[in-house]
Each structure stands twice: as C-alpha cells, then as structure tokens.
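User: I would like to learn how to read aromatic ring pairs. Can you walk me through a case?

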Amino acid sequence: MFNAGKRTTSTPLKHAPAEVQLHSTAPYPHRLNFYDVPPLFDVTLEEFESAALARLRILAEIESSFVRNRSYDELKSVTDAQCKKYLTLNANSASTQDLQGERRRDHVGHFVLRLAFCRSEELRRRFVKAEMMLFRVRWDTDDTREREGFLESRDFDWTPVDDKEKEAYKEELMAVPSNIRTQYSEGQFKKDKYHKVRWTRVPDLVEKRRVFLKGGWAYVHERESSSMVFQEFQINLEKALDMTAKALPRLDEDTRLIPILDNLSQGFLAGVPSEWLSSSSSGAEGSGVKAEEIDDLAKKHFPMCMRNLHESLMRDRHLKHMGRLQYGLFLKVLGVSIDEAIAFWRRSFSNITDDKFNKEYRYNIRHSYGLEGRRANYPAKSCQQILMQDQPGSAESHGCPYRHFSEDNLQSALLASYSAHGFTASDLPEIMHTVRAGHYHVACTRVFEITHARSGVKKGEGVGGGESITHPNQYAARSRELEKARQEKAESDRDAMLVDG
Ligand code: SF4
C-alpha cells in the first residue's frame, strides 16, 4: 500500500502532464476560484493526497445531499459546516487566518480530483455536478464585496445592454415572469442593468423563464448574474476535464500517483470518500472493551455489516477468513485489546479444540494487531473498502448488507436487528428506495438516524452536522457517544430532582 504519510520531502511531479507541473507562487486574491491555472509549484505527496481527500469528503457529502433530496438551504448548511471542518476557506476580511495556505489547499485538491475523475463519462458528470454545487455554496456564503471583486477580476464576455436597446425591449423585459413577481416598476427598470449572452449559456434561466429571448440572445437581469457565473464555471470545468482526460495517459508511468488516483475515484464511485489512509481508522477509538461486553455492544451500537458478522459468528460458531478480518479489525478499533480479542474469538469458536484454535487462529488475530509477521498496524476497513472490495460468496458473511443482501433478506435483517431501537416496517420503503438507487451508505446513515431518534438525532443530521456514515467504526463510536450523553443527562436530571426534592 502507498504510504504518503512517511514522505516528508517535496516531490516535484516530473511525469505529470502540464496540468500538474507545479512551479509558481501565484497568490490567491479571491476566495472564489475558477481554477483556470493549475498549481505551478512543488507539491509533496502528502499534500497531494490530503488536499484531495478533504475535498472528496465535501463532494461526497454533496452527492449524499442530492440523494437525500435535501433542499438547497439544507444542503448549503451541511456543506458549509463540512467545509469549515475539512476545507476551510476564509474571506479576505479574516485577516488572522492563513488565507493563502487555505486557498492553496483548495486549489491543489481541485486539480488532483480532476486527474482522478476525468477518466470516465460517469465520473466527469458527477464531479462537475458536485463541484458546481460547491462553487454555488461558496458563492452564496461569500462576502458581497469580495464576490464583486471576484466578478470584476474576470472577463466574462457578457455584452451590456445599452439604454437604447433596453428601451426597445422594455415591454418584453418587464414582462419576464420573475420581474412581474417582484412588482417591477418603471423607475426600477430604468436603474437596472441587463446583459445579453447566447441563450445556450444560461439554460437554467431559459428553463425557468427568467430571461427574455431574442435572436438567439438571452437578456439577463443583473439579479440573475449568478446563474451566468455558475454556467461559466460548469462549461470551463467540462472543457478542462476533457483536456485532462487526454493528457492522463502520460501519467500512467507514475507509480506514485496512479494508486492514489485510483483510490480516490473508487471512493467517489462508491459514493463514499476514501478513508484508507485516515488515521482515525487505524487507531483504536477507545480502550477497555471486554470480551463479554461485545454481544451487548453489537446489539446496541453496531451497523448492519458488523451486526451481521456478529450474529453469524454466534450462530455458526465460526466465520470465514474475510469475515474474521473485517470483524476483527473493527473490534480492534472499537477498543478490544489483544488479550480480550483472543478471549472473545476463543469463546466464539466453541466447536473447536484449544489446539486447533491456537494453531489456526491465534496467529492471525495477533497478526491483525501488528504483533506478528510484518508487524503492521492494519486499519479497520472503511465503507468504501467493504462496498467495493472482496465481494462475499454465498457462504460468507462479510461485506455490506445494504449492498450484498437480497432485498428480502435485507428487510428481514433490518427489522430483526433494529426493531428494539424504533425501526419499523414503515421505514422500509425509504431505505429500500435508497438501496435500489445504489446509495448504500446513505441508507445506512438513515437507519442510524431512525434508530437514534430517541437520543435526539433528527432526519438529515447523520452522525452529526449532516455528515454521512463512511466507516463502521464511526457509526459505532457515534452511537456510543450518544448513549453516554443520554446517560449523563439522565443522571444530572436525577440529581437535580433530588436537590429540588
Ligand atoms: Fe457497514 Fe458502511 Fe455498509 Fe453501513 S454502509 S453497513 S457501516 S459497510
């Protein structure tokens, strides 16, 4: 596996196409960026990868919002919160921040993802749609004066409509439905500015009947200029992706970059950001989980994939290799120590002798804790890996039930696993609709919300701030946190009652 985390020296991308030949110190005067110029400076492999992963998180959450039919306002607030967490981009007025550093990271991340997502029609389409939405959110959350400064810095090639022409089409312009709705007065009309552009550049305005069309031109009110900007952004990006796709074969010889790009595009296809190098997935999230507590934790806090593995293990007293690997690493990150893990697996494999267990299984358990063989600290598998790699055979229990179960089995399993947590048959249509559309982790996130409603989790909130599930350990950790908070609140309420009483 490629480990960018160990490279600390600056690594120029000698074999990269011109798009990623990185050599200049161009400052970033604006928060908004049309990404016309590739980063022309040296980029370390760590920066190359971490900037892309941060951006991928945001884009994947935007895609989740599309799937969840979030309104634009909901999407904007979720995306804005995610950006503040993973990809901060402050306005010029935030003088104390490292503005140039933030913008550089934004710039690098965008261009790395271009390389990863230019490879197929499907990836290009989805990338453009998500990037467009990210740009729009940033546009809408930008400072008005800075946004104007950004507009002035670009030559959009919009033709201003002069007073004579405006007067000639006064009736038509004032009759545009959106103008009528705003009770357009003649006095206001005289003050307002219009631009004309080829109608094909503003299809959304044409569709919503918010422009006057004449001779192939669309007459656009200044209020609608944002639509023209978004359209420009989209056209530019589509062209750039085509060019990048043509240049990409020149990258194939670079064994450092291709695995990273493959992994990024795979994550986007799965609808889940890649987390294969995430430190949170390799270190234990807690400690002190005892072997005898696992059954109880599984019933209360595990996502479907781990519930299924746990139940198969309890039922069959055995799990095949991939199942042991998926579940064992998950338990490690959950906080089960090596001694407790051995005790747990020994007790679970109750149909075999000590001798067989020691010979065939003990070594592998120790190996997954980095105590044998290469002594690597193997991370737990992320949703992306579980969804995309090592598809389970008929007698195997690993994988993601949302993806790998038949519809009937999934519905029965959901009811059997989560009825005690408030999940009912009336929730099934929504979940199955999402599953049929191939958005497995969104279905899992929705199940999390339903089964944690008693802890105050609302629809659309995900594991916090609207974030979707991307890792089974993230599901379990958040579920345990919520229970802890609920218990603490109950205790403090009880104390308050005692004091009052
Ligand atoms: Fe497990 Fe992820 Fe599938 Fe949920 S979406 S069941 S956490 S693999």
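**Reading the ring pairs**

Analyst: This is a predicted model. Start with two residues: Phe135 is buried, and Phe230 is buried as well.

User: How many aromatic pairs are there by the pairing rule?

Analyst: Ring centres must lie within 6.5 Å to pair. By this rule the count is 25 aromatic pairs. Take Phe135 and Phe230: their ring centres are 6.2 Å apart and their planes stand at 80°, so this pair is edge-to-face.

User: Which helices hold Phe135 and Phe230?

Analyst: Phe135 sits in helix 4 (residues 121–140), and Phe230 in helix 11 (residues 225–247). The two are 95 residues apart, and their pair links distant parts of the chain.

User: What about the rings of Tyr327 and Trp345?

Analyst: Their centres are 6.0 Å apart with planes at 80°, so the pair is edge-to-face. Tyr327 belongs to helix 15 (residues 321–334) and Trp345 to helix 16 (residues 338–348), so the pair ties together parts 18 residues apart in sequence.

User: Is Tyr327 buried or exposed? And Trp345, buried or exposed?

Analyst: Buried means under 20% relative accessible area. Tyr327 has 0%, so it is buried. Trp345 has 5% relative accessibility, so Trp345 counts as buried.

User: Which residues do ring pairs link into a cluster?

Analyst: The cluster consists of Phe302, Tyr327, Phe330, Phe344, Trp345, Phe349, Phe357 and Tyr361.

User: Which residues lie over the face of a ring?

Analyst: Lys166 lies over the face of Phe189, 5.1 Å from the ring centre. Lys332 lies over the face of Tyr369, at 5.8 Å from the ring centre.

Technical notes. Residues are numbered from 1 along each chain as its sequence is written. This is a predicted model: local features need pLDDT of at least 70, side-chain atom pairs count only at pLDDT 80 or more; totals for chains, interfaces and linings use all residues. Side-chain values use heavy atoms; hydrogens and water are left out. Rings of Phe, Tyr and Trp (its six-membered ring) pair if their centres lie within 6.5 Å; planes under 30 degrees apart count as stacked, over 60 as edge-to-face and the rest as tilted. Helices (H or I, at least four residues) and strands (E, at least two) are DSSP runs, numbered from the N terminus. Buried means under 20% relative accessible area, exposed over 50%, partly exposed in between (1.4 Å probe, protein chains only). A charge sits over a ring if NZ of Lys or CZ of Arg is within 6 Å of the ring centre and within 35 degrees of the ring normal.
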